[in-house]
Amino acid sequence: MAEPKTSRTEQSVATFLATVADPRRRADAEAAVALSAAVTGAEPVMWGTAIVGFGAYHYRYASGREGDWPAVGLSPRKQALTFYIVPDFDGYDELLARLGPHTPGKSCLLLKRLDDVDRSVLSDLILRGFRHLDGQTVGAGAQ
């Protein structure tokens, strides 16, 4: 079975953030990293070449594929600041309704600008996602 494309690396988070070309996106990413670190109490680490992660969980699919992924993470993509918080956001409707402008994905949350959302609500989302996943094994055969 192939190794996952995205795994934890030793790349410097600060060095990665310094490469974000758009100054506003870079500032949002730096603020989001600081917020996520404060909320989770975890050190930011790089996953792959473009995701800053906090904590980790192990996933296992019925197909036999398995690997590790950050409990919460973020990436300063060109079009939006992308947060990886929890798969499907089940049970998070009330918080998402109060967050402010965002686009939900299947397992990610896209924000155009960090200043446009309620940071206390974002903090709650990050903390709940982190507590839900950090140190867990999820998926088929999880115990």
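This report describes the fold of one protein chain, from its overall build down to a single residue.

The model is predicted: local features need pLDDT of at least 70, side-chain atom pairs count only at pLDDT 80 or more, and totals for chains, interfaces and linings use all residues. Residues are numbered from 1 along each chain as its sequence is written, and side-chain values use heavy atoms, with hydrogens and water left out.

**Overall build**

The protein chain holds 4 helices and 9 strands. Helices (H or I, at least four residues) and strands (E, at least two) are DSSP runs, numbered from the N terminus. Their order from the N terminus is α-α-β-β-β-β-β-β-α-β-β-α-β.

The C-alpha trace spans about 40 × 35 × 25 Å along its principal axes. A compact globule of 143 residues would have a radius of gyration near 15 Å, and the protein chain agrees, at 15 Å. That radius is taken over C-alpha atoms, and the globule rule is 2.2 Å times the number of residues to the power 0.38.

The table gives some values for the whole chain.

| Property | Value |
|---|---|
| Buried share of the 143 residues | 40% |

Buried means under 20% relative accessible area, exposed over 50%, and partly exposed in between (1.4 Å probe, protein chains only). Contact means heavy atoms within 4.5 Å.

**The sheet**

Six strands form an open, antiparallel sheet in the order β1-β2-β5-β6-β8-β7. Its edge strands are β1 (45–47) and β7 (103–104), each pairing on one side only. Two strands pair if DSSP finds at least two bridges between them. Strands of a sheet pair through backbone hydrogen bonds, either parallel or antiparallel.

Gly53 has Gly73 in β5 as its bridge partner.

**A look at Thr82**

Thr82 sits in strand β6 (residues 81–84). Thr82 is buried, with a relative accessible area of 5%. Beyond its neighbours within four places in sequence, Thr82 is in contact with Gly73, Leu74, Ser75, Arg77, Cys108, Leu109 and Leu110. Thr82 and Cys108 are 26 residues apart along the chain, and 6.5 Å separates their C-alpha atoms.
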